[in-house]
Amino acid sequence: MSAYEEAAAMSAYEATTAQDGPLAALAAHGPRYRLGLGAPPPGAPGWLAADRLLDPYGPELSQLLDTEHRGSGHRTAHAAALTLIAVYAGRVTAAAVLHWALTGRVLDVRPGNVWLRPDPGHGIAEVRLRAFRMLDEPDAPDAPEAGTGSAATVQRAVLTQHLFPLADALRERTRAGLRQLRGGVAHGCATALGASRADPDLLARRWAAFLDGAPGGLAALGDVVAVTRPDGTRRLVYLRRTCCLFYTSAEAVRCASCCLTSRDDRIAAYEGRA
């Protein structure tokens, strides 16, 4: 067996093992948590290496931003950037945030380990990991809140090394406000929890742990609340204190979490009472 064939066989084994475990479990929570494994197929169009997006004037960030700008029909590039950072955080790093919240383990979603494909309409269509690996060991089983010991690790992997540098690149490129961009980061990460089928009370505690000591002032940019939907199920929702300007897009509507809508009206809408 050649070195190439051996590497391919190991990659296939790794993919099968991972997808039979954590990746399959994550995908069961919904489409936003579905991750592919390994490099995109040769010649597959549209795929971007996440680490190349951190160059504010690089072609990869231009492609991602231009795709969102055209797809959403925003009037300005800085508005497109604000929408982009929220949908990016709510898709590209969502699986890692949820997996940490449920297990205390930190999936490697640092930029150098991630490929993504923009959706020509709006958002991110697909995400792939170059390799399946965890960045820390499980916490002690007698810890008062499973997973809290790894909060610093998930903050580094998701925020410090990935989403914040991307926000900085978007700010440099479009002059979008840093507070608004970080509001999008907070919104996307919180949505990564609220969109799952997990217990909302557990997720609220894990969100508090994620924010504890987190850089960037995220705790001041919104809060979470558990709501009950008409079918009786409960979910966690995020109420923003910053605006993504999505109402300036071609859809010309406010997002459900928009800070321009009163808190009571947002909760009522989430609960199906509006």
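Is Arg175 buried or exposed? Arg175 is exposed, because its relative accessible area is 60%, and the close-up views described below, all drawn from a predicted model, begin with the chain as a whole before returning to this residue.

**View 1. The protein chain as a whole, with its nine helices and six strands.** The protein chain has 274 residues, of which 50% count as buried.

**View 2. The loop residue Arg175, which lies between α6 and α7 (178-194).** The phi angle of Arg175 is near 65°, which is a positive value in a residue other than glycine.

**View 3. The largest nonpolar core, which has 72 residues.** The members that touch the most other members of this core are Tyr88, Leu116, Val158, Leu159, Leu170 and Cys189. Helix α6 (residues 151-174) gives the largest share of this core, namely eleven residues. Once the neighbours within four places in sequence are left aside, Leu159 is in contact with Val154, Phe164, Pro165, Val185, Cys189, Phe210, Ala214, Pro215 and Leu218. Another core, of six residues, lies apart from the largest one, and its members include Val225, Leu239, Ile267 and Tyr270.

**View 4. Helix α4 (residues 77-89) and its covered residues.** The 13 residues of helix α4 should span 18 Å at 1.5 Å a residue, and this agrees with its end C-alpha atoms, which are 18 Å apart. Helix α4 is mostly covered, since ten of its 13 residues are buried. These buried residues are Ala79, Ala80, Ala81, Leu82, Thr83, Leu84, Ile85, Ala86, Tyr88 and Ala89. Tyr88 is also one of the residues that touch the most other members of the largest nonpolar core.

**View 5. The packing of helix α3 (residues 59-72) against α4.** The axes of α3 and α4 are 9 Å apart, and the two helices pack at an angle of about 105°. Because an angle of 65 to 115 degrees counts as roughly perpendicular, α3 and α4 are described as roughly perpendicular to each other. On the side of α3 the contact is made by Leu64, Leu65, Glu68 and His69, while on the side of α4 it is made by Ala77, Ala80, Ala81, Thr83, Leu84, Val87 and Tyr88. Sorted by class, this contact holds eight nonpolar, two polar and one charged residues.

**View 6. Glu60, a residue of helix α3.** Glu60 counts as buried, because its relative accessibility is 16% and the class of buried residues takes in values under 20%. When residues up to four places away in sequence are not counted, Glu60 touches Leu48, Arg52 and Leu53.

**View 7. The packing of α5 and α6, whose axes come within 11 Å.** The axes of α5 and α6 cross at roughly 175°, and α5 and α6 are therefore roughly antiparallel to each other. The residues that make the contact are Ala96, Val97 and Trp100 of α5, together with Ala151, Val154 and Val158 of α6. By class, the contact of α5 with α6 has six nonpolar residues, with no polar and no charged ones.

**View 8. Leu102, a residue of helix α5 (residues 94-103).** Leu102 is partly exposed, because its relative accessible area is 33%. Although Leu102 and Leu203 are 101 residues apart along the chain, their C-alpha atoms are separated by 8.1 Å. Not counting residues up to four places away in sequence, Leu102 touches His29, Ala198, Leu202 and Leu203.

**View 9. Helix α7 and its residue Ala190.** Helix α7 has 17 residues and reaches 24 Å from its first C-alpha to its last, which is close to the 24 Å expected at 1.5 Å a residue. Helix α7 is mostly covered, with 13 of its 17 residues buried. Ala190 counts as buried at 5% relative accessibility. Leaving aside its neighbours within four places in sequence, Ala190 is in contact with Trp207, Val224 and Tyr238. The C-alpha atoms of Ala190 and Ala94 are separated by 8.9 Å, and these two residues are 96 residues apart along the chain.

How values were computed:
Residues numbered from 1 in each chain as written. Predicted model: local features only at pLDDT ≥ 70, side-chain atom pairs only at ≥ 80, totals over all residues. Heavy atoms only, no water. Core = buried A, V, L, I, M, F, W, Y, C linked by side-chain atoms within 4.5 Å. Buried < 20%, exposed > 50% of the residue type's maximum accessible area, 1.4 Å probe, protein only. Helix = DSSP H or I, 4+ residues; strand = E, 2+ residues; numbered from the N terminus. Contact = heavy atoms within 4.5 Å. Expected span 1.5 Å × (residues − 1). Axes fitted to C-alpha atoms, helices over the stretch in contact; angles between N-to-C directions. Parallel < 35°, antiparallel > 145°, perpendicular 65-115°, else oblique. Nonpolar A, V, L, I, M, F, W, Y, C, P; charged D, E, K, R; others polar.
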